[in-house]
Amino acid sequence: MEFCGSALAALGVEVRKTITSMVVEAGGKNGIIPADQATFDYVDSRTHDAYEPMYSDDGSWYEVEYRVDVQKLEPLVAAPHSPDNRKTAHECSETCIDRVYIGSCTGGKMESFMAAAKLLHTAGQQVKVPIYLVPATQKVWADVYGLLVPGCDGRTAAEIFEAVGCITPASPSCAACLGGPKDTFARLNEPEVVVSTTTRNFPGRMGHKEGQIYLVSPYAAAASALLALSAIPGNFCRGIQCVQSAGLGNMLWQQLCTGRSA
């Protein structure tokens, strides 16, 4: 599955990796976004080895092509018990939750934690449900503690998470995204409702077979913890006025309300 267009060109590499990683849930074997300067900068910052970008041939034949006007997309969420159980945000806006999980290979990158930290700092409130934080890699874990979050008074993501009452970030791992034994960090050992940035929400995926997993963006996950509701348009956009009035930028607010990650 190949993705292209001006909307994708505006996204950072980490967000692009989330899109390409999730093609397997649509039946794809591989996800591709054409390399551009953002890609080259990302690779060059990590290696000095030579490489050659590969692109689709001019005139390539595709089985099917879809054109999407992203400005017309309605906010969506993956409701239990499958990533393709597509619900509108309004359908889920009354959902009370027990916990929030930010982590996994798709939702545990540094941009994910930066997004969540900025929202929580701007809101200036204590979370109402536990937030479990699991960085995807050792570098992400180090950056959570070492990088300053832009526009957050010189604080790191870890400092912000501690200030608002989040659970201390765990060591990098798959953790509860893969379920695991009962002592796995953040595993659902009871039939709870969780808002998560992970990849899948099948029965038992995060532990208990009766657990309910709603897949959302890091922004929506953090906001959900402030409300103890699935924080997406509907009740979310009305109930999170404290965040908006605190000076949240228009772009960030739009991303919150659409469930899109920046």
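Guide: Welcome! Let's begin with a definition: a residue is called buried when its relative accessible area is under 20%, exposed when it is over 50%, and partly exposed in between (1.4 Å probe, protein chains only). The model above is predicted, so local features need a pLDDT of at least 70 and side-chain atom pairs count only at pLDDT 80 or more, while totals for chains, interfaces and linings use all residues. Residues are numbered from 1 along each chain as its sequence is written, and side-chain values use heavy atoms, with hydrogens and water left out.

Visitor: Why does Y132 count as buried?

Guide: Y132 has a relative accessibility of 15%, and the limit for buried is under 20%. Therefore Y132 belongs with the buried residues, which make up 46% of the 262 residues in the chain.

Visitor: What makes Y132 and F185 an edge-to-face pair?

Guide: Two things are checked. Rings of Phe, Tyr and Trp (its six-membered ring) pair if their centres lie within 6.5 Å; planes under 30 degrees apart count as stacked, over 60 as edge-to-face and the rest as tilted. Before we apply that, note that the structure holds four aromatic pairs. In one of them, the ring centres of F113 and F161 are 6.3 Å apart and the planes stand at 70 degrees, so this pair is edge-to-face. F113 is in helix α6 and F161 in helix α8, 48 residues apart, and both are buried. Now your pair: the rings of Y132 and F185 have centres 5.6 Å apart and planes at 75 degrees, so they too are edge-to-face. Y132 lies in strand β4 and F185 in the loop between α8 and β5, so the pair ties together parts that are 53 residues apart in sequence.

Visitor: Why is F185 called partly exposed?

Guide: F185 has a relative accessible area of 29%, so it counts as partly exposed.

Visitor: How many salt bridges does the whole structure have?

Guide: A search finds four. Another is E192 with R99, whose closest N and O atoms are 3.0 Å apart. E192 is in the loop between α8 and β5 and R99 in strand β3, 93 residues apart. D143 and K139 also form one, at 2.8 Å.

Visitor: Why are D143 and K139 separated by about one helical turn?

Guide: They are four residues apart in helix α7, which means about one turn lies between them. An α-helix has 3.6 residues a turn, so residues three or four places apart point the same way. Still, D143 is buried at 15%, and K139 is exposed at 52%.

Visitor: Which residues of α7 are buried?

Guide: In α7 (residues 138–146), V140, D143 and V144 are buried. They cover an arc of only 105 degrees around the axis, which puts them on the same side of α7; the arc is that of the directions from the helix axis to the C-beta atoms. The face turned away carries the exposed residues Q138, K139 and G146. The buried residues of α7 pack against α6 and α8.

Visitor: With which residues is F202 in contact, leaving aside its neighbours within four places in sequence?

Guide: Contact means heavy atoms within 4.5 Å. On that basis F202 is in contact with E25, H81, S82, P83 and I213. F202 and S82 are 120 residues apart in sequence, but their C-alpha atoms are 5.2 Å apart in space. F202 sits in the loop between β5 and β6 and counts as partly exposed at 31% relative accessibility.

Technical notes. Helices (H or I, at least four residues) and strands (E, at least two) are DSSP runs, numbered from the N terminus. A salt bridge is a side-chain nitrogen of Lys or Arg within 4 Å of a carboxyl oxygen of Asp or Glu.
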